[in-house]
Amino acid sequence: MKKFIYSLKLVIISSAMLLAASGCMFWKSEEAPPPQVTQVSTIDALLAGIYDGVTTLAELKEYGNFGIGTFNALDGEMVLLDGKFYQIKADGKVYRPALGESTPFAAVVKFDKTKYVPLPANCTYKQLKKILDKEFPNKNLMYAIRIYGEFSKVKTRSVPAQKKPYPPLVQVTKNQPVFNLAKQSGDIVGFRLPPFVKGVNVPGYHLHFLNEKLNAGGHVLDFTLKKGPAFVAVYSRFYLILPDSKGFADADLTRDRAHELEKAEK
């Protein structure tokens, strides 16, 4: 038995040396992982009505200080900004959820190294897309976006908490409360993701808003930015945490839900 343990140690050491020599050595557990987008569940699961929270906010915070998502039972829109969670519920108000609360879907990053992108006065959502698409032509990488400034207007929405049996997301958003916010200072937080994430996340732009007074926000439908820049961080690594739940296991994720997503995002 001792010889077997000794031999096993030699194999492990030899394997580690080979990985290091080939440049394939994984980072040590005590070291910080490389910058990455970390995501809980998939957008198609959310579209299918899988709203039970599977990851606590405390657990999610270990992976990033910046991001967006939703909460258990689809109870509002999530903004994670500077390491703090905010919950914009269907009443349009902003709440500070406890770290013990959970999420069925979210994407977060450690938002550190960024590129400053100046934006013109009275920049619209449509113009922002054109500017960032030109500034970052590689559409196959992942981008986290933060815009801070003064907004002439921001059109947002949220979603109400659901009860079981959960309806599909496209049914929920048919009656979503919409908020037309005027003369707001605050942050837009979100992502531009590649086309190939279809079914996993939202391809293209997915943004949430939180105002400076911390009393309004939501999923961004449109805006006009009076003045302010964008800060963009680029990511080439993606980490997906899939739910270990009966709801997720039983969900039909074979369907193409792109049309549902388009309706739900508007």
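The following legends describe close-up views of a predicted model.

Residues are numbered from 1 along each chain as its sequence is written. Local features in this predicted model need pLDDT of at least 70 and side-chain atom pairs count only at pLDDT 80 or more, while totals for chains, interfaces and linings use all residues.

View A. The structure holds 2 cavities of 30 Å³ or more (a cavity is a set of points, on a 1 Å grid over the protein atoms alone, where a 1.4 Å probe fits but cannot get out; a volume is the space filled by probe spheres set on the points, which are joined across faces, edges and corners). The largest cavity has a volume of about 130 Å³. Its lining comprises 14 residues (lining residues have an atom within 4 Å of a point), and Leu46, Thr70, Glu77, Arg157 and His206 lie nearest the centre. At least two lining residues come from each of helix 2 (43–47), strand 3 (66–70) and strand 13 (204–211) (helices, H or I of at least four residues, and strands, E of at least two, are DSSP runs numbered from the N terminus). The lining has 6 nonpolar, 5 polar and 3 charged residues (Ala, Val, Leu, Ile, Met, Phe, Trp, Tyr, Cys and Pro count as nonpolar, Asp, Glu, Lys and Arg as charged, and the others, Gly among them, as polar).

**View B. The second largest cavity.** This cavity has a volume of about 50 Å³. Its lining is formed by Ile68, Phe105, Ala106, Ala107, Phe191, Leu193, Asn201 and His206. Strand 8 (106–109) and strand 12 (178–193) are the elements that give two or more residues to this lining. By class, the lining has 6 nonpolar, 2 polar and no charged residues.

View C. Glycine 67 has valine 108, in strand 8, as its bridge partner.

**View D. The two sides of helix 4 (residues 125–135).** Tyr125, Leu128 and Leu132 of helix 4 are buried (under 20% relative accessible area, with a 1.4 Å probe and protein chains only). Seen down the axis of helix 4, the buried residues fall within an arc of 50 degrees, so they line one face of the helix (the arc is that of the directions from the helix axis to the C-beta atoms). On the other side of helix 4, Lys126, Lys130 and Lys134 are exposed (over 50% relative accessible area).

Key:
Side-chain values use heavy atoms; hydrogens and water are left out. On a 1 Å grid over the protein atoms alone, a cavity is a set of points where a 1.4 Å probe fits but cannot get out, and a pocket is an open set with protein on both sides within 12 Å along at least five of seven lines; lining residues have an atom within 4 Å of a point. Two strands pair if DSSP finds at least two bridges between them.
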